[in-house]
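This report goes through the strand pairing, the core and the surface of one protein model. The sequence and structure come first.

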Amino acid sequence: MREHAREAYTVLVIGPSPGAADLAALCARVDDARRDAPAGSDLVVLCDVGTLTRPDLAGLDVLARLRLHTARAGGTLRLWRAGPHLRLLLELTGLRSVLPSHPGSADEFGLLAAHEHRRQAEQREQPLGVEEVVDPGDPSG
C-alpha cells in the first residue's frame, strides 16, 4: 500500500476473466487494505484491469460488487488501464460513472468520443405543400 497526502492507495490486479468465485478474495484484500491504512486517510483501490481482454457482464458484475464493498469499507474504487472494450461496455451499460477510471489514465474514454464526433446532425426536410400566407391586415413584426 502506498500513501499519497491523505490517500492510501492499494492496487488489485483483476485477472483476464473474473467471476463470482474471485469476489470473496478481492473483498478480503480491500478489507486488509482498510485495516492497514493510516488513521484518517482515504482508501483508494486501484483495479488494474489491463489484463481483461474480453470483458463481459460477469466481469462487470464483479467490478460493480467490488466497488460497492469498497464504498462500504469507506474507500473509493477506480479502474486503471481499462482497455477500449471495457470502456465501451461501461458506457453501454451505464456504469461509466459508477466505475470511473483513475485520473491520469491514458485516454479515459477517447474511444467513445471518436464515435460521437462522427454523428451527423439531423437534417430536416421542408414540409411539402405548405405555403406561408401573409394577411395584408396583420401588422408587420
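## Pairing of strands 3 and 4

Leu46 has Arg78 as its bridge partner in strand 4. The model is a predicted one. Strand 3 and strand 4 are joined by six bridges and pair in the parallel sense. Together with helix 2, strand 3 and strand 4 form a right-handed β-α-β unit.

Strand 3 is mostly covered, with six of its seven residues buried. Buried here stands for under 20% relative accessible area.

## Pairing of strands 2 and 3

Strand 2 covers residues 7-13 and strand 3 covers residues 42-48; the two run parallel and are joined by seven bridges. Glu7 stands opposite Asp42 in strand 3, and Leu12 stands opposite Cys47 in strand 3.

A right-handed β-α-β unit is also made by strand 2, helix 1 (residues 20-36) and strand 3.

## Nonpolar core

How many residues does the largest nonpolar core have, and which have the most contacts inside it? The core has 25 residues, and those with the most contacts inside it are Val49, Leu66 and Leu79. Two or more residues each are given to this core by helix 1, strand 3, helix 2 (57-72), strand 4 and helix 3. Helix 1 provides the largest share, five residues.

## Nonpolar surface patch

Val11, Val13 and Trp80 make a nonpolar surface patch of about 250 Å². Trp80 belongs to strand 4.

## Backbone at Arg81

Where is Arg81 placed? Arg81 sits in the loop between strand 4 (75-80) and helix 3 (84-93). The phi of Arg81 is near 65°, a positive value in a residue other than glycine. Most residues other than glycine have a negative phi.

Arg81 has 46% relative accessibility and therefore counts as partly exposed; exposed would need over 50%.

How values were computed
Residues are numbered from 1 along each chain as its sequence is written. This is a predicted model: local features need pLDDT of at least 70, side-chain atom pairs count only at pLDDT 80 or more; totals for chains, interfaces and linings use all residues. Side-chain values use heavy atoms; hydrogens and water are left out. Two strands pair if DSSP finds at least two bridges between them. Helices (H or I, at least four residues) and strands (E, at least two) are DSSP runs, numbered from the N terminus. A crossover is right-handed if, with the strands pointing away from the viewer, the path from the first strand over the helix to the second runs clockwise. Buried means under 20% relative accessible area, exposed over 50%, partly exposed in between (1.4 Å probe, protein chains only). A nonpolar core is a set of buried Ala, Val, Leu, Ile, Met, Phe, Trp, Tyr and Cys residues joined through side-chain atoms within 4.5 Å. Patches are made of residues with over 30% relative accessible area and no salt bridge: like charges are joined within 9 Å, nonpolar side chains (Val, Leu, Ile, Met, Phe, Trp, Tyr) within 5 Å. Accessible areas come from the Shrake-Rupley method with a 1.4 Å probe; for residues, only the protein chains shown count as cover. A salt bridge is a side-chain nitrogen of Lys or Arg within 4 Å of a carboxyl oxygen of Asp or Glu.
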